[in-house]
Amino acid sequence: MKKLISLDEHYTDRYGPEGSSKRADFEVRAKAFLIGELIKEERKKAHMTQDQLADKIGANKSFISRIENGKTDIQLSTFYRLIEFGLGKKLELNISE
């Protein structure tokens, strides 16, 4: 029977210890995916298509698709435009330890 391990132990086994470049690369990709899922969820709540959201911020549908699929990094200014102008929401940033 396999021993249960924590998620952190799994990440360490698979991606290396915290602070390693392999782990950092994984965490960046994971955050990009999370941001994409957040945008997709909010877009769907607003009953908007990718085309409609793209039009509202002056982008194209493929750009929105790449963001929603975690395939591209976006600048903070783009994230702000997507949330505030595209989706009509308020963006608040929180930095924690």
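Visitor: How much of the contact set with a separation of 6 or more comes from residues 24 or more positions apart?
Guide: That share is 44% in this chain, where contact means heavy atoms within 4.5 Å. Bear in mind that the model is predicted: local features need pLDDT of at least 70, side-chain atom pairs count only at pLDDT 80 or more, and totals for chains, interfaces and linings use all residues. Residues are numbered from 1 along each chain as its sequence is written, and side-chain values use heavy atoms, leaving out hydrogens and water.

Visitor: OK, and how many helices and strands are there?
Guide: Five helices and zero strands; these are DSSP runs numbered from the N terminus, helices being H or I with at least four residues and strands E with at least two.

Visitor: Switching topic, how many aromatic pairs does it hold?
Guide: Four. Rings of Phe, Tyr and Trp (its six-membered ring) pair if their centres lie within 6.5 Å; planes under 30 degrees apart are stacked, over 60 edge-to-face, the rest tilted.

Visitor: Why is the pair of tyrosine 15 and phenylalanine 26 called stacked?
Guide: Their ring centres are 3.9 Å apart and the planes sit at 10°, so the pair counts as stacked. Tyrosine 15 is in helix 1 (residues 7–15) and phenylalanine 26 in helix 2 (residues 21–45), 11 residues apart.

Visitor: Is tyrosine 15 buried or exposed?
Guide: Buried, at 15% relative accessibility; the cut-offs are under 20% for buried, over 50% for exposed and partly exposed in between, with a 1.4 Å probe and protein chains only. Phenylalanine 26 is buried too, at 14%.

Visitor: Which residues do ring pairs link into a cluster?
Guide: Tyr11, Tyr15 and Phe26.
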